[in-house]
Amino acid sequence: MSGAQESRREAAASLEKIGVTIRDGGPGDEVAGLRPSWVALPESTDEIAAVLRAAAGHDLAVLPVGGGTKLHWGPPPERCDLLLDTCCLAAAPDHAAGDLVVRAQAGVTMEALAGLLARSGQELALDVPMAGATVGGTLATATAGPRRFRYGTARDLLIGITVVLADGTVARSGGRVVKNVAGYDLGKLFTGSYGTLGVIAEATFRLHPLPAQRRWIAFTAPDPHAARALVAALAAAQAEPSAVELDWPDPGAPLTVSALIEGTAADRRAAALLPLGEAAALPPEYPEYEDDADGALLELRVPPASLATALLTVRDAAERAGLSPRVSGAAASGVLRIALPAHEGLSGFVSAVRAAIDGRLIVVAAPEPLMRRLDPWGETGALTLMRRVKERLDPGRRMSPGRFVGGI
Amino acid sequence: MTEMADVLPGRLAGVLGADAVITDPVRLRTYECDGLTYHRATPGVVVLPETAEQVAAVVRLCNEYGVPFVARGAGTGLSGGALPRTDGVLLVTSRMRRIVEIDLPNRRAVVEPGVTNLAITEAVRDQGYYYAPDPSSQQVCSIGGNVAENSGGAHCLKYGFTVNHVEALEIVTPDGDIVTLDTRDPGYDLAGAFVGSEGTLGVTTKITVRLSRTPESVITLLAAFRDVETGGLAVSRIIAEGIVPAAIEMMDALAIEAAEAAVRCGYPQGAAAVLIVELDGPAAEVAGQFAAVTRICEESGSFELRTADGPEERAAIWKGRKSAFAAVGRISPAYIVQDGVVPRTALPRVLAGIDRLSAEHGIRVANVFHAGDGNLHPLVLFDDAEPGAGERAELVSARILDLCVENGGSITGEHGVGVDKARYMPRMFSKDDLDTMQLVRCAFDPRGLSNPGKVFPTPRLCGEVPGVRKGVHPLVASGKAEQF
Ligand SMILES: Cc1cc2nc3c(=O)[nH]c(=O)nc-3n(C[C@H](O)[C@H](O)[C@H](O)COP(=O)(O)OP(=O)(O)OC[C@H]3O[C@@H](n4cnc5c(N)ncnc54)[C@H](O)[C@@H]3O)c2cc1C
């Protein structure tokens, strides 16, 4: 038997011994063309720790996975021996309605959570753009939707977290009270860490009461400058919109700017905003996330006041690259999605936009061959410190290696 | 520490100029404590840098000599976070007070760390904006200190804490590099990790804060109750109706008595508890909430309700609450300000527990708290002239924290751990929790020079070379350290 086969056999034996459900990886488990040898299905934090300890003993690379809705996001992992599927960590959430907090295991879906909370007239004010997303996956990718303008993103709503490090250490930070400054906030570090620091096992969130009313209004804007002016006026309006969104289906079309008003007297407050622009057809309840399965999905982050320049830059760069982009997103927060068809021109487009804007452009998802030809994360500040954090928490570089900024 | 005394001040003066380096023992004493005055230490040397480059130069010198450094803002901290080291450098930000940029189109301001919290709001108020986190110390405390403590304020129930309003930080790392941590950058949220780290991950030299729009309408209510329980009931019902007030504050009979003695706030006669509820936002929304809160308070047994919708009337309502900490000085020679948190629904149970502790030990406790989020500030009163009273007060104060932890809460809601509560951290966190947090510390500050001895009860050995190490660590082999 070869050395590799031998060590694989030993790893399998160790994994089997811990009493956690493990199955062999199949074609359906592939991540960016890499097939994991095993898939572990732990049912508790202790079981995650047992899996990770066993993995540590055999130098296995581990990739945590939730609903699998965003597994194609980010660059492909360098290696992936074991998929740690959190699907079975889905015990009934512990909802303390009187305290407006909920604690949920990583595998609970955001829909299930929302359903439970709605029964008490409450919600986690985090718009989840895709069906099937779990608590763990939403945190790991820091996905947020339109209402980030008012409520912030996952990091702002998370008040406690339980994580398991690569060596099986279970660590908690925060707690189950909203106001709490005891110790470092590991939740901030793990939110948006793409599985590279450890496994998120459990999270506690602050909740909000479901708004009494909810009204979207929409305007049309002939060009990016008009759209920017409208966005600025809505953002500053004392009707206090919860969201100010933009949609630009293609560079030849006009833009739609919409705003969400929530709370008491939402109708009246929304009506008061109508004179700000030319009314347009109402968008659906939540502007949809583009289906990015075949195309490329990018995220543009710019200061809101640079919106018009950024949009024009995107238009021009796309035209030169022979691409037709759809741009939409949280305009007042300066976070926009760009959906593009999968096309050779992608990497040229990305470098052209990066060179011109005062902001960041991230390639969230793209078909693998295109992804390999570019740096999906682009430049960032503080990379040295980020590497040092990674080295301390995962010295063996076994957690989702290669998926994050700077090849972390 | 002869180098400290002989060589370092001269080198520091070489970098900063002699007028920015204090070694005179009398002047050094000004800096020996923060707002928690019973922890004192005279700093080895005090420096007053004016720029990030100077801060970095100071930190590099500290590294060269292996000397610890402590950052200090306004020194209003209540957990001894800015307690200096006799063997170290105290880096005071009082000369870094420029508002670098106000950028209203992007709703942000860029400021140096020594700028006071209130100065930011004052700079943008006329244009209809403000900086939301509002610690009661906002007239004096520095934004750098706010970042280090993740400070809150009465209005954080609705608007959140410092961390929710910081977009980017420029920091000097513990090894002397100037680095920007921007929440918009891809990668780990290091700005989020830095906020609240109490000066143990470096010194912040520039802060980009988010500005908020001044609400269209603000209404403040004062409701008087015959006892704390009914006041607490009103709070629960307000929350249960789906209202998130900007603030809900409560004071008990003893706290009211103290405030009356100190500032004659003129709260309703016979009130054993007062509730201050502030509603803000769009006028139409506030009007609806106001009607609901009024009804709830009346139904819950409030015997007098006052309303303020102008600045003066509002100030009159807040006067008693805002003076409460200092006011207890009128009714007690000495006191300890405690800061604990409990889930809001546990408030009645915990307040009853505090009453029992108070009776059992013969120590009076005045309660002032942010009722909306369960953040208690019990004021533990004692006479320092009475033998043993200080110890009994300490004990009561510690037992209150136990009550908070037992009820699922926290040992600190806003004042921080500092030097004061490091020993309580193991009551809330396991060894693994604390060790993991300290891995982050090791990433930023492997030599442990940045504000050592704060937050964590036992420092963790960072080891020399992070990364994949095979075999035994040399220190472990030599018996000098345990493997971690
Ligand atoms: C009367 C009174 C009322 C208060 N009310 C509140 C309240 O409502 N809410 C609340 O949250 N707090 C409150 N506090 C506590 C205190 O004001 C806050 O913690 C404040 O943020 C401290 O700011 P400072 O500038 O005084 O910091 P300091 O006391 O000087 O320092 C506090 C900590 O910050 C670190 N630090 C300071 N500057 C920097 C820097 N540039 N970089 C890195 N670390 C730094 C120090 O090392 C120390 O650990 C109150 C205090 C008093 C005295």
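Predicted model: local features only at pLDDT ≥ 70, side-chain atom pairs only at ≥ 80, totals over all residues.

Mentor: Residues are numbered from 1 along each chain as written, chains are lettered from A in written order, and side-chain values use heavy atoms, without hydrogens or water.

Trainee: How many helices and strands in chain A?
Mentor: Chain A has 13 helices and 19 strands, taken as DSSP runs (helices H or I, at least four residues; strands E, at least two) numbered from the N terminus.

Trainee: What share of chain A is buried?
Mentor: Of its 408 residues, 59% are buried (under 20% relative accessible area, 1.4 Å probe, protein chains only).

Trainee: And what are the spans of its C-alpha trace?
Mentor: About 75 × 55 × 35 Å along the principal axes of chain A.

Trainee: Switching to chain B, which residues of helix 5 are buried?
Mentor: In helix 5 (residues 117–124) of chain B, they are N117(B), L118(B), I120(B), T121(B) and V124(B). They lie on the same side of that helix, because their arc around the axis is only 155°, judged by the directions from the helix axis to the C-beta atoms.

Trainee: What do they pack against?
Mentor: Strand 5 (99–103), strand 6 (108–111), strand 7 (129–130), helix 6 (143–149) and strand 10 (203–210) of chain B.

Trainee: Back to chain A, what about sequence separation in its contacts?
Mentor: Among contacts (heavy atoms within 4.5 Å) in chain A between residues at least 6 apart in sequence, 69% join residues at least 24 apart.

Definitions and conventions. Buried < 20%, exposed > 50% of the residue type's maximum accessible area, 1.4 Å probe, protein only.
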